[in-house]
Amino acid sequence: MAQYGGFFNSGTTEENQRKYNDYDFAKMLSLLTGGEGYVVGYGNELEVTDASDSQLLRVEVGSGAAWVGNPEGWWFANDPEEGEDSHILSIAPLGQVESRNDKVVVRLDRSTGVQNFKLHIIEDGDSNDEFKTDDLKAEHMYDLLLAEVEVTKDGEDTSIVIKDRRVPCINSQSTTIEKTVGWTLGLSDMHKFIRVNSSSSVDISMPLDSDVSFPINTEIVIVQHGTGTININPASGVTVHSASGLKSSGQYSGFTLRKIATDEWYALGSLTE
């Protein structure tokens, strides 16, 4: 097993010359990032939204930043200036097929003469442009998935449906989300502090992994700020382990949801039957 570390100044002899590259720096930074993903609370967190009009199918990638790669030590930021449309990506026409599932990615390209990032759409079925997540010690390209775009044809009309696939890097700062009505947990809730302020009962639906694929060890903190009880409603096939129940115990009570396996969670905190 090799032992190594860094970084050090070069010495005066040939044996003591220190030579580092981008991979070495990325490997070091990956020890701090805790994994690839978008940076929580930075801009619009690289959210992908529908920007289509009557003429063109397009998506817009919001401002944000991310740690990218394998190891996860390259950083990317998207800060579009007002009036520019560099964050707008066009969806190709369907052509002869009835549907397609494209991917919106942050692409890291370490190829000689490129060495840059870009927001990019991988068109489903294009064998010359495939989704890449290999170890960057041997490879030069890597894709961070932001969203999948289902393109479908209905008669003369073509439409898109965007599925959020963003995952936050684990060591991002947590942010607070305000809720007043029930909702289904999504990837944008990961590692967030959610304050529910309602005088009526609020239902939180927990989807199957096949619908929303939360990474193992995802944590979500939820607090009942109002007088309305919070009810945890797992979908059929989802198991939530709790010592005391799946309802918040009263105003200002709180609990944490932690994913431990596929379709299996803990609910830890101030809960009741």
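## Charges over aromatic rings

In this predicted model, Lys103 lies over the face of Phe131, at 6.0 Å from the ring centre, and Arg166 lies over the face of Tyr38, at 5.1 Å from the ring centre. A charge is taken to sit over a ring if NZ of Lys or CZ of Arg is within 6 Å of the ring centre and within 35 degrees of the ring normal.

Because the model is predicted, local features need pLDDT of at least 70 and side-chain atom pairs count only at pLDDT 80 or more, while totals for chains, interfaces and linings use all residues. Residues are numbered from 1 along each chain as its sequence is written, and side-chain values use heavy atoms, with hydrogens and water left out.

## The chain as a whole

The chain has 1 helix and 21 strands, where helices (H or I, at least four residues) and strands (E, at least two) are DSSP runs numbered from the N terminus. Its C-alpha trace spans about 70 × 60 × 40 Å along the principal axes. Of the 273 residues in the chain, 38% are buried; buried means under 20% relative accessible area, exposed means over 50%, and partly exposed lies in between, with a 1.4 Å probe and protein chains only.

Strand S7 (residues 99–109) and strand S8 (residues 116–122) run antiparallel and are joined by 7 bridges, two strands being paired if DSSP finds at least two bridges between them. Val104 has Ile121 in S8 as its bridge partner. The two strands S7 and S8 form a hairpin with 6 residues between them, and Gly113 in the turn has a positive phi of about 90°.

## Aromatic pairs

The structure holds 3 aromatic pairs, counted when rings of Phe, Tyr and Trp (its six-membered ring) have centres within 6.5 Å; planes under 30 degrees apart count as stacked, over 60 as edge-to-face and the rest as tilted. One of them joins Tyr20 and Phe25, whose ring centres are 6.5 Å apart and whose planes stand at 75°, so the pair is edge-to-face. Tyr20 counts as partly exposed because its relative accessibility is 32%, and Phe25 is partly exposed with a relative accessible area of 40%.

Phe214 and Trp265 form another edge-to-face pair, at 5.3 Å centre to centre and with 85° between the planes. This pair links distant parts of the chain, since Phe214 is in the loop between strand S14 (202–206) and strand S15 (219–224) while Trp265 is in strand S20 (residues 264–269), 51 residues apart. Both Phe214 and Trp265 are buried.

## The cavity and the pockets

The structure holds 1 cavity of 30 Å³ or more, and the largest cavity has a volume of about 30 Å³. On a 1 Å grid over the protein atoms alone, a cavity is a set of points where a 1.4 Å probe fits but cannot get out, whereas a pocket is an open set with protein on both sides within 12 Å along at least five of seven lines, and lining residues have an atom within 4 Å of a point. Grid points are joined across faces, edges and corners, and a volume is the space filled by probe spheres set on the points. Phe214 and Trp265 are among the residues that line the largest cavity, as are Pro207, Leu208, Asp209, Val212, Lys259 and Asp263. This lining divides into 5 nonpolar, no polar and 3 charged residues, where Ala, Val, Leu, Ile, Met, Phe, Trp, Tyr, Cys and Pro count as nonpolar, Asp, Glu, Lys and Arg as charged, and the others, Gly among them, as polar.

The largest pocket has a volume of about 330 Å³, and the residues lining the largest pocket include Tyr4, Phe7, Arg18, Tyr20 and Asp24; by class, the lining has 6 nonpolar, 2 polar and 3 charged residues. The second largest pocket holds about 170 Å³ of space, with a lining of 5 nonpolar, 4 polar and 2 charged residues, including Asp53, Gln55, Ile91, Pro93 and Lys153.

## Backbone exceptions

Most residues other than glycine have a negative phi, and most peptide bonds are trans. Asn217, in the loop between S14 and S15, has a positive phi of about 80° although it is not a glycine, and Asn217 counts as partly exposed at 42% relative accessibility. Asp263, found in the loop between strand S19 (254–261) and S20, has a positive phi near 60° and counts as buried at 19% relative accessibility.

A cis peptide bond, with omega of about 10°, joins Asn70 and Pro71, and Pro71 lies in the loop between strand S4 (64–68) and strand S5 (74–78).
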